[in-house]
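Hi everyone, thanks for coming. I'd like to take a few minutes to walk you through a structure I've been looking at.

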Amino acid sequence: MQVAGERQYSIGEVAERTGLSVHALRWFEREGLFPDQVERNSAGRRVFDDDVLYWITLCVKLRHTGMPIAKLKEFAALVKDGPGNEPERLLLLEQHEASVRQKIAELQDSLEVITEKAVRYRAHISAGTVRGVWEPDEQRRKALPESGNEQ
(Lines give C-alpha, C1' and ligand atoms only; values in the text may rest on other atoms or scores of the structure.)
Protein backbone atom coordinates (compact mmCIF):
# COMPACT_ATOMS: atom_id res chain seq x y z
CA MET A 1 0.00 0.00 0.00
CA GLN A 2 1.31 3.44 -0.89
CA VAL A 3 2.30 5.71 1.99
CA ALA A 4 1.06 9.32 1.78
CA GLY A 5 3.70 11.55 0.25
CA GLU A 6 5.74 8.62 -1.10
CA ARG A 7 6.94 8.99 -4.68
CA GLN A 8 4.94 6.98 -7.19
CA TYR A 9 6.04 6.00 -10.68
CA SER A 10 4.13 4.93 -13.75
CA ILE A 11 5.22 1.82 -15.61
CA GLY A 12 6.73 4.06 -18.30
CA GLU A 13 8.80 5.95 -15.72
CA VAL A 14 10.01 2.69 -14.21
CA ALA A 15 10.93 1.40 -17.65
CA GLU A 16 12.92 4.56 -18.33
CA ARG A 17 14.70 4.46 -14.96
CA THR A 18 15.59 0.75 -15.07
CA GLY A 19 16.28 0.25 -18.76
CA LEU A 20 13.65 -2.48 -18.96
CA SER A 21 10.82 -2.31 -21.43
CA VAL A 22 7.21 -1.92 -20.34
CA HIS A 23 6.69 -5.41 -21.77
CA ALA A 24 9.48 -6.79 -19.55
CA LEU A 25 7.98 -5.15 -16.46
CA ARG A 26 4.61 -6.70 -17.22
CA TRP A 27 6.38 -10.04 -17.68
CA PHE A 28 8.05 -9.59 -14.26
CA GLU A 29 4.60 -9.18 -12.75
CA ARG A 30 3.10 -12.20 -14.58
CA GLU A 31 6.04 -14.37 -13.53
CA GLY A 32 5.68 -13.38 -9.87
CA LEU A 33 9.06 -11.65 -9.67
CA PHE A 34 7.82 -8.81 -7.48
CA PRO A 35 7.90 -9.41 -3.73
CA ASP A 36 4.48 -7.77 -3.34
CA GLN A 37 1.39 -7.31 -5.46
CA VAL A 38 1.85 -4.38 -7.86
CA GLU A 39 -0.43 -1.57 -6.76
CA ARG A 40 -2.95 -0.04 -9.16
CA ASN A 41 -4.35 3.48 -9.17
CA SER A 42 -8.05 4.33 -9.47
CA ALA A 43 -7.77 4.06 -13.26
CA GLY A 44 -6.35 0.52 -12.95
CA ARG A 45 -2.85 1.51 -14.03
CA ARG A 46 0.21 0.06 -12.34
CA VAL A 47 1.81 2.30 -9.74
CA PHE A 48 5.30 1.64 -8.45
CA ASP A 49 7.08 3.11 -5.43
CA ASP A 50 10.74 3.50 -4.49
CA ASP A 51 10.86 0.06 -2.85
CA VAL A 52 9.66 -1.62 -6.05
CA LEU A 53 12.05 0.49 -8.11
CA TYR A 54 14.92 -0.69 -5.87
CA TRP A 55 13.74 -4.31 -6.17
CA ILE A 56 13.65 -4.10 -9.97
CA THR A 57 17.15 -2.57 -9.97
CA LEU A 58 18.40 -5.48 -7.83
CA CYS A 59 16.76 -8.00 -10.19
CA VAL A 60 18.36 -6.31 -13.20
CA LYS A 61 21.78 -6.50 -11.52
CA LEU A 62 21.27 -10.16 -10.66
CA ARG A 63 20.26 -10.94 -14.26
CA HIS A 64 23.15 -8.92 -15.72
CA THR A 65 25.52 -11.00 -13.63
CA GLY A 66 24.06 -14.22 -14.97
CA MET A 67 21.55 -15.30 -12.34
CA PRO A 68 19.13 -17.69 -14.02
CA ILE A 69 15.45 -16.71 -14.04
CA ALA A 70 14.66 -19.81 -11.96
CA LYS A 71 17.01 -18.62 -9.20
CA LEU A 72 15.60 -15.10 -9.42
CA LYS A 73 12.11 -16.54 -8.99
CA GLU A 74 13.33 -18.57 -6.04
CA PHE A 75 14.79 -15.45 -4.44
CA ALA A 76 11.58 -13.48 -5.08
CA ALA A 77 9.50 -16.29 -3.56
CA LEU A 78 11.67 -16.27 -0.44
CA VAL A 79 11.26 -12.50 -0.09
CA LYS A 80 7.48 -12.86 -0.60
CA ASP A 81 7.34 -15.42 2.17
CA GLY A 82 8.56 -12.75 4.58
CA PRO A 83 10.85 -12.98 7.59
CA GLY A 84 12.27 -16.28 8.75
CA ASN A 85 14.04 -17.50 5.62
CA GLU A 86 16.94 -15.06 5.60
CA PRO A 87 19.55 -17.87 5.78
CA GLU A 88 18.11 -19.35 2.56
CA ARG A 89 18.17 -15.95 0.87
CA LEU A 90 21.75 -15.40 2.02
CA LEU A 91 22.83 -18.81 0.71
CA LEU A 92 21.30 -18.07 -2.68
CA LEU A 93 23.08 -14.70 -2.82
CA GLU A 94 26.40 -16.17 -1.65
CA GLN A 95 26.23 -18.89 -4.29
CA HIS A 96 25.57 -16.29 -6.97
CA GLU A 97 28.32 -14.07 -5.61
CA ALA A 98 30.79 -16.98 -5.88
CA SER A 99 29.68 -17.60 -9.47
CA VAL A 100 30.13 -13.91 -10.36
CA ARG A 101 33.57 -13.81 -8.75
CA GLN A 102 34.59 -16.86 -10.79
CA LYS A 103 33.36 -15.19 -14.00
CA ILE A 104 35.26 -12.01 -13.09
CA ALA A 105 38.46 -14.04 -12.58
CA GLU A 106 37.97 -15.72 -15.96
CA LEU A 107 37.32 -12.36 -17.62
CA GLN A 108 40.39 -10.85 -15.95
CA ASP A 109 42.52 -13.70 -17.26
CA SER A 110 41.10 -13.20 -20.75
CA LEU A 111 41.61 -9.44 -20.53
CA GLU A 112 45.28 -9.95 -19.71
CA VAL A 113 45.73 -12.09 -22.84
CA ILE A 114 43.91 -9.52 -24.99
CA THR A 115 45.89 -6.64 -23.51
CA GLU A 116 49.18 -8.44 -24.14
CA LYS A 117 48.17 -9.08 -27.74
CA ALA A 118 47.19 -5.41 -28.19
CA VAL A 119 50.60 -4.35 -26.82
CA ARG A 120 52.30 -6.61 -29.40
CA TYR A 121 50.18 -5.17 -32.21
CA ARG A 122 50.94 -1.59 -31.13
CA ALA A 123 54.67 -2.38 -31.09
CA HIS A 124 54.55 -3.95 -34.56
CA ILE A 125 52.43 -1.15 -36.00
CA SER A 126 54.75 1.45 -34.47
CA ALA A 127 57.81 -0.35 -35.87
CA GLY A 128 56.17 -0.77 -39.28
CA THR A 129 56.40 -4.56 -39.15
CA VAL A 130 53.82 -7.27 -39.04
CA ARG A 131 56.15 -10.23 -38.90
CA GLY A 132 55.98 -11.97 -35.56
CA VAL A 133 52.58 -10.73 -34.47
CA TRP A 134 51.24 -14.27 -34.19
CA GLU A 135 54.49 -15.88 -33.13
CA PRO A 136 54.32 -16.58 -29.41
CA ASP A 137 57.57 -16.09 -27.56
CA GLU A 138 58.99 -18.79 -25.30
CA GLN A 139 57.25 -17.47 -22.17
CA ARG A 140 53.82 -17.63 -23.84
CA ARG A 141 54.55 -21.10 -25.22
CA LYS A 142 55.17 -22.31 -21.67
CA ALA A 143 51.83 -20.82 -20.59
CA LEU A 144 49.87 -22.72 -23.25
CA PRO A 145 47.50 -25.36 -21.90
CA GLU A 146 48.62 -28.95 -22.06
CA SER A 147 46.74 -31.21 -24.45
CA GLY A 148 46.33 -33.80 -21.73
CA ASN A 149 47.48 -36.74 -23.84
CA GLU A 150 51.26 -36.48 -23.54
CA GLN A 151 52.86 -39.69 -22.38
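I'll go through the sheet, then one of its residues, then a helix. Please keep in mind that this is a predicted model.

So, the sheet: it is open, with 3 strands in the order β1-β3-β2 and antiparallel pairing. β1 and β2 (39-40) stand at the edges with a single partner strand each, so one side of each has no neighbour in the sheet. Between β1 and β3 there are 2 bridges, and Y9 stands opposite F48 in β3.

Which side chain does R46 meet in a polar contact of 2.5 Å? That partner is E29. Leaving out residues up to four places away in sequence, R46 also touches others, including Y9, S10, I11 and R26. G12 is 34 residues away from R46 in sequence, yet their C-alpha atoms are 9.7 Å apart.

Now for helix α3, which lies across β1 and β3 and runs at about 85° to β3. At 1.5 Å a residue, its 15 residues (50-64) should span 21 Å, and the end C-alpha atoms are 21 Å apart, so the two agree. After the helix comes G66, with a positive phi near 95°.

And which residues of α3 are buried? They are L53, W55, I56, C59, V60 and L62. Among the elements covering them are β1, β3, α4 (69-81) and α5 (86-127).

Thanks, and I'm happy to look at any of this together.

Technical notes
Residues numbered from 1 in each chain as written. Predicted model: local features only at pLDDT ≥ 70, side-chain atom pairs only at ≥ 80, totals over all residues. Heavy atoms only, no water. Helix = DSSP H or I, 4+ residues; strand = E, 2+ residues; numbered from the N terminus. Expected span 1.5 Å × (residues − 1). Buried < 20%, exposed > 50% of the residue type's maximum accessible area, 1.4 Å probe, protein only. Contact = heavy atoms within 4.5 Å. Polar contact = N/O pair within 3.5 Å; in protein donor to acceptor, adjacent residues only side chain to side chain. Pairing = 2+ DSSP bridges. Axes fitted to C-alpha atoms, helices over the stretch in contact; angles between N-to-C directions.
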